[in-house]
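Here's a quick tour of one protein model. Have a look at the structure first, then we'll go through a metal site and a couple of pockets.

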Amino acid sequence: MGANPINRRTLLGASTAFGAAGLLPRPAFAQGAASNVLPARGEFVVRGTHVLTMDAGLGDLPIGDVHVRNGAIVAVAASVPAPGAEVIDGRGMICMPGLIETHWHHWTNVCRPFVRNDDPKLGYFPVTAKYGPHFQPEDSYRSAKLGLAEALSAGITTTHNWCHNTRSPAHADAEIAAMHDIGIRGRYAYGPVQGGPNDRLMDLVDLARVKKSGLPADGLVTLGICSRNIGDDSNPTRGTISVEMAKKEWSAARELGVPITLHASGPQITKLLNDAGLLGPDVQFVHPTGTSADDRAILSAKGVSYSMSPIGESRRPGDAGVIQLPEMLESKVKVSLSIDHVTTYNCDLFVGMRLLYSMNLNRLQGKFKIPTRRLVELATIDGASDLGIADKVGSLTPGKRADLILLRGTDINIGPIGDPYDAIVFLAQPANVDTVVVDGRILRRKNQFTALDHAKVTQEAAATIAALRARGG
Ligand SMILES: [Zn+2]
């Protein structure tokens with residue numbers, strides 16, 4: 001289906017990319033990465049830290065301990081005994097759930113050197129559309145890995161890998177392998193092919209194959225689909241399909257229990273899909289810049305979530321609509337935050353929260369109050385809710401999986417800290433993220449990866465960029 005003459009059996013090695021026993025017959029190019037052994041899920045306790053649980057029942061602890069064992073949060077209290085556990089000194093730090101972003105096209109990460117903000121011919125859309133057809137599975141693997149590593153460094157512990165360039169089964173396996181190798185939590189949204197024909201269904205046979213046997217056994221990576229745009233909402237670079245085709249693709253996904261996402265900015269799309277009977281709580285829309293009050297009532301009633309990417313959306317021209325956070329929250333639409341891409345800005349959900357605060361104040365003159373704690377909810381527990389994993393992560397609740405970060409409150413740009421939520425929204429930056437834990441594994445400590453070879457990730461990304469330049473011109 002793609003332009004790549006890849007031998008599927010060579011890359012897959014076997015019919016299942018990830019065996020039931022958790023063994024990983026893996027893409028050949030990922031073998032080197034397998035030597036990047038992820039740290040074990042041990043037992044540790046963060047002591048004397050400012051705990052923001054983001055759990056309404058537990059609240060915050062100005063000085064408290066967080067005890068983690070075998071990947072799970074065991075206890076959160078003012079003082080936890082935890083004899084034998086490794087002690088992490090949390091004094092001067094904020095301990096909070098890892099940040100959760102809900103829409104990011106990781107396959108485009110390596111397009112960073114090609115995209116120019118000030119030249120429309122070299123903007124994000126034309127550049128990614130041009131190079132997309134030239135991606136081989138190894139390029140997808142390296143591109144995803146580059147952004148996934150950046151995500152961890154910025155305190156993001158869950159990402160929604162929105163892959164609208166799933167060129168072959170091997171490409172899907174490659175990106176899932178990248179997520180597994182990095183150790184991040186997330187959803188892989190299986191998608192169509194860049195530049196593919198609009199009258200061809202996405203590869204539903206392979207979607208079923210991935211659902212059945214293509215995901216790692218540890219449950220950190222789940223599966224979804226990303227739909228092309230639908231109806232008259234023509235998008236020459238990303239493809240547009242008919243409502244009838246959407247019904248086929250979406251019903252196939254639903255038979256597998258696989259959730260659905262699509263770009264849905266602009267008018268008419270909500271009504272169109274609602275009239276077609278397609279909306280439900282397993283649907284996520286992206287970019288809420290053009291909804292009406294009627295749209296929002298439908299989205300709220302149907303349980304459809306909306307992922308907003310404040311940094312990218314704030315750069316849109318005025319006629320593309322406005323960022324509608326207050327309207328969404330007032331209408332009780334589920335909202336989460338996302339990065340979208342990192343070709344012309346970096347991964348920084350702190351900036352995302354800050355922008356939303358400022359734009360709301362500017363546009364509505366403070367008529368709609370959005371407390372800073374509410375913004376931090378959007379970046380944590382509400383993201384988990386959007387992705388259907390709020391029972392596992394999104395708050396520091398005993399029994400949940402241990403996805404957490406430590407923010408150093410003594411850094412020059414943020415300390416001394418007054419209100420912790422104000423500090424996170426107005427002052428924090430990725431450089432303040434001292435420690436990152438996913439599923440109980442300490443993946444970063446003192447701003448360094450504990451296992452990942454950072455230099456290798458950027459070197460391999462550079463090699464792919466050179467190859468894409470040679471292939472794509
Ligand atoms: Zn997007």
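A pocket here is an open set of grid points with protein on both sides within 12 Å along at least five of seven lines, and its volume is the space filled by probe spheres set on those points. With that in hand, the second largest pocket comes out at about 250 Å³ of space. Keep in mind that this is a predicted model.

**The second largest pocket**

- There are 20 residues lining the second largest pocket, and R187, T222, L223, P259 and L387 are the closest to its centre.
- Sort the lining of the second largest pocket by class and you get 9 nonpolar, 6 polar and 5 charged residues.

**The largest pocket**

- The largest pocket holds about 820 Å³ of space.
- Its lining is made of 30 residues, and Y124, F125, H287, G312 and R316 are the ones nearest the centre.
- Helix 3 and helix 10 (310-313) are the elements that give two or more residues to this lining.
- Helix 3 gives the most, with 3 residues.
- By class, the lining of the largest pocket splits into 14 polar, 8 nonpolar and 8 charged residues.

**The zinc site**

- Which residues hold on to the zinc ion as protein donors? They're H103, H105 and H263, each through NE2, plus D340 through OD, and they lie 2.0 to 2.6 Å from the zinc ion.
- Along the sequence, these donor residues follow the spacing H-x1-H-x157-H-x76-D.
- H103 and D340 link distant parts of the chain, sitting 237 residues apart. You'll find H103 in the loop between strand 6 (99-100) and helix 3 (124-131), while D340 is in the loop between strand 15 (334-337) and helix 12 (349-364).
- Why is the arrangement around the zinc ion called irregular? The 4 donor atoms subtend angles of 80 to 172°, whereas four donors count as tetrahedral only if all angles lie between 85 and 135 degrees.

**Buried or exposed?**

- H103 counts as buried because its relative accessible area is 0%, and the cut-off for buried is under 20%.
- D340 is buried by that cut-off too, since its relative accessible area is 9%.

Methods
Residues are numbered from 1 along each chain as its sequence is written. This is a predicted model: local features need pLDDT of at least 70, side-chain atom pairs count only at pLDDT 80 or more; totals for chains, interfaces and linings use all residues. Side-chain values use heavy atoms; hydrogens and water are left out. Donors are N, O and S atoms within 2.8 Å of the metal (3.2 Å for Na, K and Ca); water is not among the atoms, so sites may look incomplete. Four donors count as tetrahedral if all angles lie between 85 and 135 degrees; four count as square planar and six as octahedral if opposite donors are over 155 degrees apart and all others between 65 and 115; anything else is irregular. Helices (H or I, at least four residues) and strands (E, at least two) are DSSP runs, numbered from the N terminus. Buried means under 20% relative accessible area, exposed over 50%, partly exposed in between (1.4 Å probe, protein chains only). On a 1 Å grid over the protein atoms alone, a cavity is a set of points where a 1.4 Å probe fits but cannot get out, and a pocket is an open set with protein on both sides within 12 Å along at least five of seven lines; lining residues have an atom within 4 Å of a point. Ala, Val, Leu, Ile, Met, Phe, Trp, Tyr, Cys and Pro count as nonpolar, Asp, Glu, Lys and Arg as charged, and the others, Gly among them, as polar.
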